[in-house]
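Here is a short briefing on helix packing, strand order and backbone geometry. Please keep the structure open while reading.

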Amino acid sequence: MKDVLIIGGGPAGLSAAIYAARAGLDFAIIEQMAAGGQAATTQHIENYPGFAEGIGGVELAMAMQTQAENLGAPFLYEQVQKMELLGAEKKIITEGQTLTARSVVLAMGARPRPLGLQGEEELRGKGISYCATCDGFFYKNKEAAVIGGGDTALEDALYLARFCKQVTLIHRRNEFRAAGRLQEKVRKLENVKLLTPYRPVAFEQEDGYVSGLTIEHAKTGQTEHVCCEGIFIAAGTLPQTQLVNGQVALDEAGYIKTDAYKRTNVPGVFAAGDISTTPLRQVVTACADGAVAISGVEAFLIQQ
């Protein structure tokens with residue numbers, strides 16, 4: 001019986017692990033793949049305090065993981081198949097074992113939101129991607145399109161512009177939601193074209209691969225063709241709540257409801273990072289959530 005099990009190895013989970021280790025708790029952190037979460041798919045992070053020139057997402061994630069390991073945090077790399085959270089004894093069932101704990105920190109993060117257009121799933125990996133830093137290099141000297149208007153979309157455009165011949169950034173609104181500094185950088189690039197307010201309506205393909213994109217003006221309805229061999233979708237995220245839906249309370253968008261102490265409606269269950277209700281989803285806020293969640297776990301364990 002552990003004091004706490006941390007589910008997810010992104011910035012929130014890693015921060016929770018660091019704080020749990022320093023608190024002397026008996027715990028484990030469970031991650032299905034590599035630690036780092038969405039931060040590890042970001043090419044360059046310049047808004048995390050302490051790095052004057054910014055830092056690579058993978059580099060930051062590895063540093064957080066090493067820090068947790070140096071403090072004695074035990075990592076279990078397994079796929080969680082089921083969670084039983086409603087009793088006093090929390091059960092986390094993986095492919096190979098059942099783990100029990102007095103409390104749980106849910107830090108599974110969020111995944112990219114698909115557009116929902118016909119052929120999207122079939123073309124995934126054949127021209128459609130949700131990670132520019134993962135797949136961008138395959139489009140060297142080619143034309144690519146980025147769909148979205150937030151920080152991730154503009155960061156993707158900046159990254160792709162380094163080696164793509166042409167990058168077309170498509171956003172459904174007139175104004176971008178991204179930070180002003182990012183917008184300034186993108187607007188200065190000669191090989192980045194901004195199309196607003198447009199929305200994608202159809203993927204074009206040839207021999208099973210992306211060959212272009214049809215977009216529609218949000219006000220006039222006029223359609224246009226965008227030449228591209230790669231389409232990078234950055235249209236928001238969906239919380240990874242499949243395993244806890246029906247056990248913890250969710251908001252209208254599907255994120256786990258928490259209070260200021262990151263407590264959910266289930267005693268002993270906490271949620272941190274992108275999976276939880278928060279006005280801002282960034283690496284720095286995810287790390288803060290992880291720390292707050294462990295503080296809540298300590299208080300809960302003392303009460304018990």
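Which hand does the crossing of α1 and α2 have, left or right? The crossing of α1 and α2 is left-handed. The model is predicted. The points below start with that helix pair, move on to the sheet and end with the backbone.

**Helix pair**

- Helix α1 spans residues 11–22, and helix α2 spans residues 57–70.
- The two pack at an angle of about 25 degrees, and their axes are 9 Å apart.
- Angles under 35 degrees count as roughly parallel, so α1 is roughly parallel to α2.
- On the α1 side, the contact is made by Pro11, Leu14, Ala17 and Ile18.
- On the α2 side, Ala61, Met64, Gln65, Gln67 and Ala68 take part.
- By class, this contact of α1 with α2 has seven nonpolar and two polar residues.

- Five strands form an open sheet with parallel pairing. Their order is β8-β15-β9-β10-β11.
- β8 (128–129) and β11 stand at the edges. Each has a single partner strand, so one side of each is left without a neighbour in the sheet.

**Strand pairing**

- Strand β9 (residues 143–147) pairs with β10 in the parallel sense, over five bridges.
- Within that pairing, Leu169 in β10 is the bridge partner of Val146.
- β10 (residues 166–170) also runs parallel to strand β11 (residues 192–195), and four bridges join them.
- Thr168 stands opposite Lys193 in β11.
- In a regular strand, side chains alternate between the two faces of the sheet.

**Helices with the sheet**

- Helix α5 (residues 180–187) belongs to a β-α-β unit with β10 and β11. The unit is right-handed.
- Helix α4 (residues 151–160) lies across β9, β10, β11 and β15 (230–233).
- α4 runs at about 165 degrees to β9.

**Backbone exceptions**

- Most residues other than glycine have a negative phi, and most peptide bonds are trans.
- Pro197 sits in the loop between β11 and β12 (198–206).
- Asp207 lies in the loop between β12 and β13 (209–217).

Terms used: Residues numbered from 1 in each chain as written. Predicted model: local features only at pLDDT ≥ 70, side-chain atom pairs only at ≥ 80, totals over all residues. Heavy atoms only, no water. Axes fitted to C-alpha atoms, helices over the stretch in contact; angles between N-to-C directions. Parallel < 35°, antiparallel > 145°, perpendicular 65-115°, else oblique. Left-handed = near helix turned anticlockwise from the far one by under 90°. Contact = heavy atoms within 4.5 Å. Nonpolar A, V, L, I, M, F, W, Y, C, P; charged D, E, K, R; others polar. Pairing = 2+ DSSP bridges. Right-handed = clockwise from strand over helix to strand, strands pointing away.
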